[in-house]
Amino acid sequence: FIRFTHFVRDPKEVRIGCLTVEDYEAATLAVARIIQRSAYKQEIKDLETKGTVKSTSRIANLNPVLDSDGAPRVKGLVQRPPVTDAARQQIILPRKHSATSLIIRHTHKMIGHLGHEHGIAKVREKFWIPQISVLVRSVLSQCITCKRLNAKPMNQHMAPLPTSRMMAYEPPFSYTGMDLFGRCTLSMAGERLNDGAASSPA
């Protein structure tokens, strides 16, 4: 879709071959802009006309600014290297959006199903989601792999003792049991038993 968009804008620019990192970054930005236009329509309009959002806006405390692509980003305190541009000014995404949950789920799988704090740190390298902790906790609670990895072991209950173990007035070791495995060779009454098969001794 991104390559087709570039082709429509400039038919002379035809991109072929495997997808590149730039293609993935452009696709990520395109999806983020679609989400923002549906969730922050008034905020984007205010930023384009006034350069700021209303004090009653849900993202007013983030001090948002528009980037060169028209996407609202957080204007944080870190404005200089060594962090990347995306980490200095993360793309603002709404928490209650299905695509935002998909981004959290994808990031969670990419980092190998790590914990809550690792997921938040990885997402915030590119995106800023208000109340992200609630969303990450909700996504992790629905992850089947995490449920299996973090499942508590079951408690084993001892079976009731057999009647022979509770016989009164019996001498010690009248009834015994043994756990064993492997190939067993027994001799009984002049016969050699190999795994239950009887054979005459040589």
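**Chatting about cores and helix contacts**

Me: In this predicted model, what is I129 in contact with, leaving aside its neighbours within four places in sequence?
Reply: With those neighbours set aside, I129 touches L93, P94, R95, T100, I104, V123 and L135.

Me: Nice. Which residues touch the most other members of the largest nonpolar core?
Reply: That core has 18 residues, and I129 is on the list together with L93, I104, F127 and I132.

Me: And which elements give two or more residues to this core?
Reply: Those would be α2, α5 (98–110), α6 and α7. The top contributor is α7, with 5 residues.

Me: Okay, and what does the second core include?
Reply: The second core is separate and has 6 residues, including A39, Y40, I59 and V74.

Me: Switching to helices: how do α6 and α7 cross?
Reply: Helix α6 (residues 116–123) and helix α7 (residues 132–141) have axes that come within 10 Å and cross at roughly 120°. The pair is therefore oblique, and the crossing is right-handed.

Me: Which residues make that contact?
Reply: From α6 you have H116, I120 and V123, and from α7 there are I132, S133, V136, R137 and L140. By class, that is 5 nonpolar, 2 polar and 1 charged.

Me: What about α2 and α3, at what angle do they pack?
Reply: Helix α2 (residues 21–39) packs against helix α3 (residues 41–49) at about 95°, and the axes are 5 Å apart. These two are therefore roughly perpendicular to each other.

Me: Who's in the contact there, and how do the residues divide by class?
Reply: Q36, R37 and A39 come from α2, while K41, E43 and I44 come from α3. They divide into 2 nonpolar, 1 polar and 3 charged.

Conventions:
Residues numbered from 1 in each chain as written. Predicted model: local features only at pLDDT ≥ 70, side-chain atom pairs only at ≥ 80, totals over all residues. Heavy atoms only, no water. Axes fitted to C-alpha atoms, helices over the stretch in contact; angles between N-to-C directions. Helix = DSSP H or I, 4+ residues; strand = E, 2+ residues; numbered from the N terminus. Parallel < 35°, antiparallel > 145°, perpendicular 65-115°, else oblique. Left-handed = near helix turned anticlockwise from the far one by under 90°. Contact = heavy atoms within 4.5 Å. Nonpolar A, V, L, I, M, F, W, Y, C, P; charged D, E, K, R; others polar. Core = buried A, V, L, I, M, F, W, Y, C linked by side-chain atoms within 4.5 Å. Buried < 20%, exposed > 50% of the residue type's maximum accessible area, 1.4 Å probe, protein only.
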